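Open the model in your viewer and keep the selection panel at hand. The stops below go one selection at a time.

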Amino acid sequence: MTSLGQETPPPKSSPASPIKPANQGPRLDDRYSRQILFGGIGAEGQIRLSHARIAIVGCGATGSALAGLLARAGVGTLRIIDRDYVEPSNLQRQSLFDEKDASESLPKAIAAARKIAAFNSQIVVEPKVDDVVPANIENLLAGIEVILDGTDNFETRYLINDFAVKNSIPWIYSAAVGSYAATMNVLPGETACLACIFPDSPRGIVETCETSGILNSAVNLVASIAATETLKLLVEGVTSAHVRKTLLSFDVWTNEHAEINAAKPRAGCRACGERDFIHLAGEGRPHITLCGRNSVQIHERQRPIDFNEMDRRLQPHGTVRHNDFVLKFWRDPYEMTLFPDGRAIIKGTTDTAVARSLYARYVGS
Ligand SMILES: [Zn+2]
């Protein structure tokens with residue numbers, strides 16, 4: 001066993017810090033002076049930002065960029081939810097992480113909270129190492145004003161859409177793959193929702209960052225636009241005339257771009273029209289999903305894992321390493337990453353049966 005990290009992320013301000021936390025009254029010091037000079041924000045807008053609570057679901061490339069921009073802009077509370085850990089292949093575009101995070105396999109939410117604390121200790125970051133699923137979404141997104149999409153899959157986006165529409169919380173869809181980026185604001189009760197525009201998730205072979213690659217500039221474009229829309233929502237409210245009501249897409253390589261009108265809900269929409277929240281109800285949700293290139297995720301629940309015990313148990317079968325957040329087990333040709341709640345990502349196969357059997361063999365069935 002190697003101890004790779006602290007049990008909890010560092011507090012947002014150390015006892016020695018002279019800076020008051022935002023929730024004890026904002027200090028509009030020099031840090032935000034250039035933003036306060038901007039007419040759209042001003043001192044009043046900056047104070048509103050300091051009281052705002054937003055969530056970023058998924059802290060990969062888009063989530064990192066969103067979190068970086070909005071943390072520096074002074075949004076008071078950022079809840080960062082991510083189920084994954086930092087790997088070397090993330091570093092080309094996931095701007096909150098560094099080589100040390102990757103070598104320690106730190107969970108992205110924890111690494112992000114540490115990085116943000118180093119450049120803005122005035123705000124609160126709430127890292128959640130978790131997979132957003134129907135059973136926990138109410139809990140994970142409680143008390144949030146705007147939800148931002150840093151995910152890489154439609155399953156989670158439809159779940160966020162159901163939750164946001166049901167509870168009338170604005171959310172912003174963002175996606176980037178290859179050189180293509182797309183984003184749309186969803187203002188429940190006013191604009192189209194995700195299910196209005198995309199009634200069904202894409203079928204067949206879907207392009208992913210694992211198969212089609214991704215340009216970091218496409219990520220930063222979509223994150224810049226979505227972060228700015230977030231500032232407008234927080235400062236001016238959902239009735240702001242400046243908030244965009246289209247599905248905007250832009251290919252930074254070919255320069256093709258388009259905007260589809262999304263100002264009104266589609267008649268008969270399952271989610272915002274009929275209020276039939278099938279994704280929130282968890283219908284048809286697989287317990288095992290393919291996840292990225294050559295790996296399978298097992299969504300196990302109610303199986304708290306004692307990493308010390310598991311480390312001991314796995315020692316005879318391969319190489320084991322763990323910290324407080326993840327346990328990694330290598331047994332050729334497979335690599336299993338285990339989380340404290342029992343969730344696992346198994347690399348080296350796309351066969352869910354093989355993954356299930358490995359899990360059953362080494363963790364339990
Ligand atoms: Zn709709």
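Predicted model: local features only at pLDDT ≥ 70, side-chain atom pairs only at ≥ 80, totals over all residues.

The chain average is 87, and 87% of the residues score at least 70. Now select residues 1–26: pLDDT stays under 50 there, and the model has 44 contacts beyond four places in sequence for this stretch.

Next, show the side chains of Ile 54, Leu 70, Val 75, Leu 78, Ile 80, Ile 116 and Leu 148. These have the most contacts inside the largest nonpolar core, a set of 42 residues. At least two residues of this core come from each of strand S1 (53–57), helix H3 (61–72), strand S2 (77–82), helix H5 (108–119), strand S4 (146–149) and helix H10 (216–236). H10 gives the largest share, seven residues.

Centre on Ile 116. Beyond its neighbours within four places in sequence, Ile 116 is in contact with Ala 67, Ala 71, Leu 78, Ile 80, Leu 96, Ile 123 and Val 125. Then select Ala 55, Leu 140, Leu 141 and Ile 160, which are included in a second, separate core of 34 residues.

Finish on H10. This helix has 21 residues and reaches 30 Å from its first C-alpha to its last, close to the 30 Å expected at 1.5 Å a residue. Its buried residues include Ala 218, Val 222, Ala 226, Glu 229, Thr 230 and Leu 233. Just past the end of H10, check Gly 237, where phi is positive at about 85°.

Methods. Residues numbered from 1 in each chain as written. Heavy atoms only, no water. Core = buried A, V, L, I, M, F, W, Y, C linked by side-chain atoms within 4.5 Å. Buried < 20%, exposed > 50% of the residue type's maximum accessible area, 1.4 Å probe, protein only. Helix = DSSP H or I, 4+ residues; strand = E, 2+ residues; numbered from the N terminus. Contact = heavy atoms within 4.5 Å. Expected span 1.5 Å × (residues − 1). pLDDT = per-residue confidence, 0-100.
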